[in-house]
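Okay, thanks for making time, everyone. I'd like to walk you through a few spots in this structure, so let me put it up on the screen.

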Amino acid sequence: MDTKVLAKGQSQRETRFSLKKLLKIKTRQQLAFWMFFVGLACIVFAVRVGLDLEFHPMFIIYMWLVAVLILSRYVFFALYNPPLIKLDEYEPTVAVIVPAKNESDAIYDTAKALHTVDYPKNKLKIILVNDGSDDDTGIWMDKCGKEFGHEVIHLAENVGKREAIAIGMKSHNSELTILVDSDSVVEPDAIKEGIRGFYSPKIGAVCGHTDVKNAKFNWLTRMQTQQYFIAFRSFKSLESYFGSVICCSGAFSIYRTKVIRSRMSEWLNQTFLGLKRTYGDDRGLTNILLRDGFDTIYVPSAKARTAVPFTLTQWIRQQIRWRRSFLMESLSAVSHMWRRPRPAALAFYGVLFVTLMAPFVVGYFLVYGPITGVTNPLTYASGLTLIVMLHQTFYWAFQMPPADRVGFFSFMPMMPLWIFATLVMLPWAFLTLRERSWGTR
């Protein structure tokens with residue numbers, strides 16, 4: 001009798017332990033997040049069922065899709081546990097290419113961090129490409145070359161980021177190629193951790209995790225700190241679970257050299273609406289790999305930090321450019337994403353649908369509805385508030401060092417900015433898809 005009771009108790013403890021492990025629960029904050037998650041899921045279900053009887057079928061589809069996409073991202077965050085290679089088991093030759101234009105002393109911090117990474121120096125090559133800068137970026141690069149031994153390539157005129165990367169590709173024969181933005185700083189173990197993601201020959205690229213390095217500068221950088229963490233840890237976990245990360249970030253990603261080298265010409269000459277593409281280089285390259293049957297995955301332990309816009313003008317320009325890139329690459333990927341694993345394909349088409357529908361839905365609930373008396377804007381505002389609370393509770397529960405922590409409510413400004421982005425910036429990005437300017441700086 002005692003033995004049976006003991007066995008039962010042990011079985012219960014193992015079940016609880018397994019559930020905690022599955023949900024990555026190590027602290028009370030993380031337990032609080034999952035309690036909030038379950039509560040919100042129940043509220044969403046109850047409210048959606050109640051509202052469904054009053055809205056047009058298109059709005060019903062939209063609302064359910066948004067709910068499922070958001071909640072499923074956190075489910076797959078919990079499930080995602082890639083079978084990474086053991087540390088130092090795989091140690092290939094690596095080349096890091098850093099294209100830069102008018103980055104001045106920011107390039108020095110990037111180059112210094114690459115010099116101090118924990119990776120055998122005889123298997124690591126750093127290539128800095130000065131893309132026709134008209135400030136003192138070239139001087140700083142030469143300083144990096146002398147101090148750290150990095151190779152420096154100066155281009156007489158600005159040829160664009162893709163061309164600069166392609167020129168850097170000609171300077172190495174390494175097995176793996178790492179692309180790093182000129183304002184990003186990789187952690188000492190980032191390369192070793194990222195390489196662990198090549199556990200299958202089918203994997204063409206590994207996307208690292210990027211945090212914000214100027215996190216505490218002002219309210220806008222604090223907000224983006226939460227935004228970056230949420231986007232990488234939840235969005236990319238879902239995509240990576242099915243080997244289909246949609247965008248291997250330009251801040252820090254690793255590629256099989258032979259895979260991308262054979263596709264350089266196509267990537268360099270990509271067009272959209274008859275014009276050569278001058279942005280969305282990371283999405284464009286990832287898109288080609290997914291189309292050709294390669295897997296792209298996310299490794300959370302391969303970390304880097306990047307500088308984010310600290311003024312609203314910079315942020316708006318960046319966000320419009322990102323939305324152009326999203327629209328351009330998503331519309332290009334419509335024809336082949338159906339060949340990816342079914343859940344990944346459904347998530348892709350679902351995100352594209354809700355993105356294209358968002359201006360109409362937000363306009364209906366917050367502009368047309370209140371004017372005509374058809375809807376109460378507080379209903380939509382309440383739902384948006386719950387989503388934001390879920391996101392920032394996730395950040396509060398799971399954000400870990402060495403990244404900086406910011407205040408719990410730092411994500412709240414995202415509410416009015418997201419509404420503005422949806423009603424103004426997204427339509428503007430769509431209408432200006434033929435715009436070629438970079439527009440951030």
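Before we look at any helices, one definition: an axis here is a line fitted to C-alpha atoms, for helices over the stretch in contact, and the angle between two axes runs from 0 to 180 degrees between N-to-C directions. And keep in mind that this is a predicted model.

So, helix packing. In general, you describe two packed helices by the angle between their axes and the distance between the axes. Take α8, residues 219–241, and α14, residues 377–398. Their axes come within 10 Å and cross at roughly 85°. Angles of 65 to 115 degrees count as roughly perpendicular, so that's what we call α8 relative to α14.

Who's touching whom there? On the α8 side you've got Thr225, Gln226, Phe229, Ile230 and Arg233, and they meet His391, Gln392, Phe394, Tyr395 and Phe398 of α14. Sorted by class, that contact has 5 nonpolar, 4 polar and 1 charged residues.

Which elements give two or more residues to the lining? Those are α1, α3, β6, α8 and β10. Going by class, the lining has 12 nonpolar, 6 polar and 6 charged residues.

Pro300 sits in strand β10. If you skip the neighbours within four places in sequence, Pro300 is in contact with Tyr80, His209 and Arg233. Also, Pro300 and Thr210 are 90 residues apart along the chain, yet their C-alpha atoms are separated by 8.7 Å.

Okay, charges. How many salt bridges turn up in a search of the whole structure? The search finds 15. Here's one I'd like to show you: the side chains of Lys192 and Asp88, at 3.1 Å, N to O. That pair links distant parts of the chain, 104 residues apart, with Lys192 in helix α7 and Asp88 in the loop between α3 and β1.

Most residues other than glycine have a negative phi. Asp88 isn't a glycine, but its phi is positive, about 70°.

Key: Residues numbered from 1 in each chain as written. Predicted model: local features only at pLDDT ≥ 70, side-chain atom pairs only at ≥ 80, totals over all residues. Heavy atoms only, no water. Helix = DSSP H or I, 4+ residues; strand = E, 2+ residues; numbered from the N terminus. Nonpolar A, V, L, I, M, F, W, Y, C, P; charged D, E, K, R; others polar. Parallel < 35°, antiparallel > 145°, perpendicular 65-115°, else oblique. Contact = heavy atoms within 4.5 Å. Salt bridge = Lys/Arg side-chain N within 4 Å of Asp/Glu carboxyl O.
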